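Please keep the structure in view while reading.

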Amino acid sequence: MKKCLSQRLKATININFASIHSKNVVFTIIGQSEPYHASVASRLKLDIENQVYELEGREAITHITHEDFSVPGAWTVIPLFRPLFTKYKGSDVRWVLFLEPHTAVRCGKLFEALAAADKQKDVMWVGYPLSDDEPTIIHHFTHFEELEDDGGFVYPNFASGFAMKMGLIESVLDKMESGTVEIDADFSIDPAFELARLIYGSRESPGPLLTRDLSFCVVSMDNCATYPRQFDTCGSVAEESIYFAVKTWSAFHSTRARALKKTWGDMSHTCISSAIRMTQVCQPRTSVSRTQKRDIV
């Protein structure tokens, strides 16, 4: 009992020194209602709540998006800004931490990292940054030439989690709702990139870039406040029950689709769907020996 009280007192002293408490942070888990993902998100929520109680003896502020915020496109994060800001405007909340269900969190180290970031006025959001070595199709071949001298354009690795100041969320909302910036709410390919692009804005009126924080990791190390966990094994799946769907359109059926079906398409049920006529050309799985599979791979 004395050891437990001593550990809690030590943790409380560290948190007080850090100046960031659990009441200053909203843990937002980007969940799905599908049973498997919902259960993983619930386990993460429980783990965070247990950690915070051990550290501070209070309840953590946690949300699972599909349970607490019924907004379309919550997985892209941007639609969550309004309900989160409305709920916590004027409260003690200073940071919102966005997590995927498989993100691991060490709350003590997280509070320390956010406390350090909180002292820097120019740091508005933190995480593990990703960047493109070259223009890529899923990012619409976007190139930010003006940022080359500053290390280039970066966007967060969602699996590592990322945190945003409430002030940044308010600023982005003001720009969106005033029409200063526009987004295509019905279309998203890579939400991490699109979020960072929305916050950055333009060369003429740039917003803050994501700040790299070494506490947000891609593999578990002693210094990590967050890092992605490995996915749980779902069990074995029969090969004949797996289908690959290729979204394309009829002009590519005789070129690109044919090339696909001649390579890895021979190993599986492959469906080529036309986005224009909504037609579908399916190729059944052919028998391929283990040796052939190894050679193909």
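## Salt bridges

Glu177 has a relative accessible area of 51% in this predicted model, so Glu177 counts as exposed, the cut-off being over 50%. Its salt-bridge partner is Arg82, with 2.8 Å between the closest N and O atoms. Because Arg82 lies in helix H4 (residues 81-88) and Glu177 in helix H6, the pair ties together parts that are 95 residues apart in sequence. Arg82 is partly exposed, at 33% relative accessible area.

The structure holds three salt bridges. One of them joins Arg94 to Asp118, the closest N and O atoms being 2.8 Å apart. This pair also links distant parts of the chain, 24 residues apart: Arg94 is in the loop between H4 and strand S3 (95-99), and Asp118 is in helix H5 (residues 107-118). Another salt bridge is formed by Arg58 and Glu56. Arg58 is partly exposed, at 32%, whereas Glu56 is buried, at 17%.

## Surface patches

On the surface, a patch of negative charge gathers Glu145, Glu148, Asp149 and Asp150. Asp149 sits in the loop between strand S6 (129-130) and strand S7 (155-156) and is exposed, at 79% relative accessibility.

A nonpolar patch on the surface is formed by Ile137, Ile138, Phe141, Phe187 and Ile189, which together have about 500 Å² of accessible area. Ile189 belongs to the loop between helix H6 (166-178) and helix H7 (191-200).

## A buried threonine

Thr65 is in helix H3 (residues 65-68). With 1% relative accessibility, Thr65 counts as buried. A polar atom of the Thr65 side chain lies 2.9 Å from the backbone nitrogen of Gly31.

Definitions and conventions
Residues numbered from 1 in each chain as written. Predicted model: local features only at pLDDT ≥ 70, side-chain atom pairs only at ≥ 80, totals over all residues. Heavy atoms only, no water. Patch = residues over 30% accessible without salt bridge, like charges linked within 9 Å, V, L, I, M, F, W, Y side chains within 5 Å. Areas by Shrake-Rupley, 256 points an atom, 1.4 Å probe, with all protein chains shown as cover. Salt bridge = Lys/Arg side-chain N within 4 Å of Asp/Glu carboxyl O. Lys, Arg positive; Asp, Glu negative; His and termini not counted. Charge placed at Lys NZ, Arg CZ, Asp CG, Glu CD. Helix = DSSP H or I, 4+ residues; strand = E, 2+ residues; numbered from the N terminus. Buried < 20%, exposed > 50% of the residue type's maximum accessible area, 1.4 Å probe, protein only. Polar contact = N/O pair within 3.5 Å; in protein donor to acceptor, adjacent residues only side chain to side chain.
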